[in-house]
Amino acid sequence: MLISLSDVADMFPNAIVRGVDLFPPPVTWMPPNCIMEVDDVLQEWTWRKKFDLIHMRNMIGSFNSSEWDIVYQHCFE
């Protein structure tokens with residue numbers, strides 16, 4: 001079963017659920033606690049609040065090994 005970003009936002013209404021992709025999602029409505037952003041995770045992260053959880057899905061083949069190092073570094077900073 002594939003759970004979408006909006007499904008997670010519905011399951012946890014007191015959480016802010018943020019999705020990031022290179023392209024805008026093909027949706028017309030998202031729950032109010034669900035934020036979808038267009039961004040490149042290889043660039044400097046500009047989010048000021050720390051994340052409680054970072055989940056990445058369908059990322060196989062997205063980055064080479066040095067790019068993965070950048071992504072993981074951003075996650076742990």
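**Figure 1. Trp 45 in the loop between strand 2 and helix 2.** Trp 45 sits in the loop that runs between strand 2 and helix 2. The model shown here, and in every view below, is predicted. The relative accessibility of Trp 45 is 16%, so this residue counts as buried, the cut-off being under 20%. Leaving aside residues up to four places away in sequence, Trp 45 touches Phe 51, Ile 54, Val 71, His 74 and Cys 75.

**Figure 2. A nonpolar patch on the surface.** Five names make up this view: Phe 51, Ile 54, Met 56, Tyr 72 and Phe 76. Together these residues form a nonpolar surface patch with about 510 Å² of accessible area. Phe 51 and Ile 54 are also among the residues that Trp 45 touches. Met 56 belongs to the loop between strand 2 (34–38) and helix 2 (65–76). Met 56 counts as partly exposed because its relative accessibility is 31%, which falls between the 20% and 50% limits.

**Figure 3. The salt bridge between Glu 37 and Arg 18.** How many salt bridges does the structure hold? There is 1. In this salt bridge the side chains of Glu 37 and Arg 18 meet, with an N to O distance of 2.2 Å. The pair links distant parts of the chain, as Glu 37 is in strand 2 and Arg 18 is in strand 1 (residues 17–21), 19 residues apart. Are the two residues buried, partly exposed or exposed? Glu 37 has a relative accessible area of 21% and is therefore partly exposed. Arg 18 is partly exposed too, with a relative accessible area of 32%.

**Figure 4. Asp 52, an exposed loop residue.** Asp 52 is placed in the loop between strand 2 and helix 2. With a relative accessible area of 85%, Asp 52 is exposed, because the limit for that class is over 50%. Leu 42 is 10 residues away from Asp 52 along the chain. The C-alpha atoms of Asp 52 and Leu 42 are separated by 20 Å.

**Figure 5. Asn 58 and its positive phi.** Most residues other than glycine have a negative phi. Asn 58 has a phi near 60 degrees, which is a positive value in a residue other than glycine. Asn 58 lies in the loop between strand 2 and helix 2. Its relative accessible area is 68%, so Asn 58 is exposed.

**Figure 6. The whole chain, for orientation.** The protein has 2 helices and 2 strands. In which order do the elements run from the N terminus on? The order is α-β-β-α. The C-alpha trace spans about 35 × 25 × 20 Å along its principal axes. Of the 77 residues, 18% count as buried; Trp 45 is one that counts as buried. The protein exposes about 6600 Å², and carbon and sulfur atoms supply 58% of this area. Among contacts between residues at least 6 apart in sequence, 35% join residues at least 24 apart.

Definitions and conventions:
Residues are numbered from 1 along each chain as its sequence is written. This is a predicted model: local features need pLDDT of at least 70, side-chain atom pairs count only at pLDDT 80 or more; totals for chains, interfaces and linings use all residues. Side-chain values use heavy atoms; hydrogens and water are left out. Helices (H or I, at least four residues) and strands (E, at least two) are DSSP runs, numbered from the N terminus. Buried means under 20% relative accessible area, exposed over 50%, partly exposed in between (1.4 Å probe, protein chains only). Contact means heavy atoms within 4.5 Å. Accessible areas come from the Shrake-Rupley method with a 1.4 Å probe; for residues, only the protein chains shown count as cover. Patches are made of residues with over 30% relative accessible area and no salt bridge: like charges are joined within 9 Å, nonpolar side chains (Val, Leu, Ile, Met, Phe, Trp, Tyr) within 5 Å. A salt bridge is a side-chain nitrogen of Lys or Arg within 4 Å of a carboxyl oxygen of Asp or Glu.
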